Amino acid sequence: MSQDKPHVSREHLLHLLNEMMRIGRLEERCAQLYQEEKIRGFLHLYNGEEAVAVGVMQALSADDAIVSTYREHGHALARGIPMASILAEMLGRMTGCSRGRGGSMHLFDAQSRFYGGNAIVGAGLPLAVGLALADQTLGRQAITCCFFGDGAVAEGAFHESLNLAKLWQLPVLFVCENNGYAMGTALQFEQSEPRLHLKAASYGIPAQEVDGMHVVEVEALARQACQAIHAGEGPQFIECHTYRLRGHSMFDTQLYRSNDEIEQWKAKSPITQLGEWLQTYGMLDDAGLQAMAAQVDAEIEAAVAEAEAGALEPIEQLAHFVYTEEPHG
């Protein structure tokens, strides 16, 4: 974070820190639940990238739509989906936001216009274009925010989606979470042009990059982009340079990067940086930081208990929403 004080209130900075802490500590608890075999299947954690979800969500309204990736727990929580609903989904309970049928990679909540979680790399991009086209056609003053990783930029859907979004001047905020690795492939080995925002600029889309480890800077640029969209300037693109502190998934042995590299990035964690900045400027002391962490941990444990108390779907209902019966003549 810049050494100059940002033009935001102490209360808002504490809110940003609390939101990022909720994400980071929830992800750590999910890792424990996975090791206990209570969460099954794949699990992709968001630790280190919290500033992107929290910063961008500050710029969006309740009318805006969100399209995410399989690393979407942080987006869902920052959007306001209840923590217990998210955990119940990952535990396969009917009280989950997708009735326990989606799991970690397919969180969905129509009420908050959170249209997934998607297990296919880049698949959210055309969905976002479709949602934005629908809103534009219906005359809704809404933005569709599409999160995706640097690996998705190698997909054809990325280029098709950006091209159509610009041709039709759709209200889409494209947010690239560039964490430097597409699964286990470093950026310099997957992209001939590693400055990913330039790819969006080649389609005529205003595109900027930001330090994705600084939540205040992410929020400021996201607000600027949303204002441009509302002003009728068409789609906008933000490349957030960030870093995931855990592996691609829980099965990742991380042989493609060193422990020293990870430790260096841990020191630049968005939560660590903002917490230290607040302490440096006398806006938060150790007791206040510990109290915030304790409150977050209490929220998480209550949510875990609520999620575990949820019912599993009865076997006789497992075919619901999967097949439909032909109407009898």
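**A walk through the predicted model**

Phe321 is exposed, with a relative accessible area of 63%, where exposed means over 50%, buried under 20% and partly exposed anything in between, using a 1.4 Å probe and protein chains only. This is a predicted model, in which local features need pLDDT of at least 70 and side-chain atom pairs count only at pLDDT 80 or more, while totals for chains, interfaces and linings use all residues. Residues are numbered from 1 along each chain as its sequence is written, and side-chain values use heavy atoms, with hydrogens and water left out.

Phe321 sits in the segment after α12 (286–308); helices (H or I, at least four residues) and strands (E, at least two) are DSSP runs, numbered from the N terminus. The backbone at Phe321 has a positive phi of about 70°, although Phe321 is not a glycine. Most residues other than glycine have a negative phi. Arg99 is another non-glycine residue with a positive phi, here about 60°, and this residue belongs to the loop between α4 and α5, where it counts as partly exposed at 31% relative accessibility.

We can turn next to a charged residue inside the protein. Glu27, which lies in helix α1 (residues 10–35), is buried yet has no salt bridge, a term for a side-chain nitrogen of Lys or Arg within 4 Å of a carboxyl oxygen of Asp or Glu. For Glu27, the nearest side chain of opposite charge is that of Arg71, 7.0 Å away; in such comparisons Lys and Arg count as positive and Asp and Glu as negative, while His and the chain ends are not counted. What lies 2.7 Å from a polar atom of the side chain of Glu27? The backbone nitrogen of Tyr46 is found at that distance. Leaving aside residues up to four places away in sequence, Glu27 touches His44, Leu45, Tyr46, Asn47 and His73, contact meaning heavy atoms within 4.5 Å.

Because Arg22 and Glu19 are 3 residues apart in helix α1, about one helical turn separates them, and both residues are buried. Lys38 forms a salt bridge with Glu36, with their closest N and O atoms 3.6 Å apart; here Lys38 is partly exposed at a relative accessible area of 38%, and Glu36 is partly exposed at 42%.

A further salt bridge brings the side chains of Arg113 and Asp135 together at 3.2 Å, N to O. Arg113 lies in the loop between α4 (83–90) and α5 (124–137) and Asp135 in helix α5, so this pair ties together parts that are 22 residues apart in sequence. Both Arg113 and Asp135 are buried. Salt bridges that share partners also join Glu19, Arg22 and Glu299 into one network.

The last stop is helix α7 (residues 187–190), where Glu190 is found. Is Glu190 buried, exposed or partly exposed? At 21% relative accessibility, Glu190 counts as partly exposed. Glu190 and Asp150 are 40 residues apart in sequence, but their C-alpha atoms are 9.2 Å apart in space. Apart from residues up to four places away in sequence, Glu190 touches Asp150, Gly151, Tyr181, Ala182 and Thr185.

Conventions. Polar contact = N/O pair within 3.5 Å; in protein donor to acceptor, adjacent residues only side chain to side chain.
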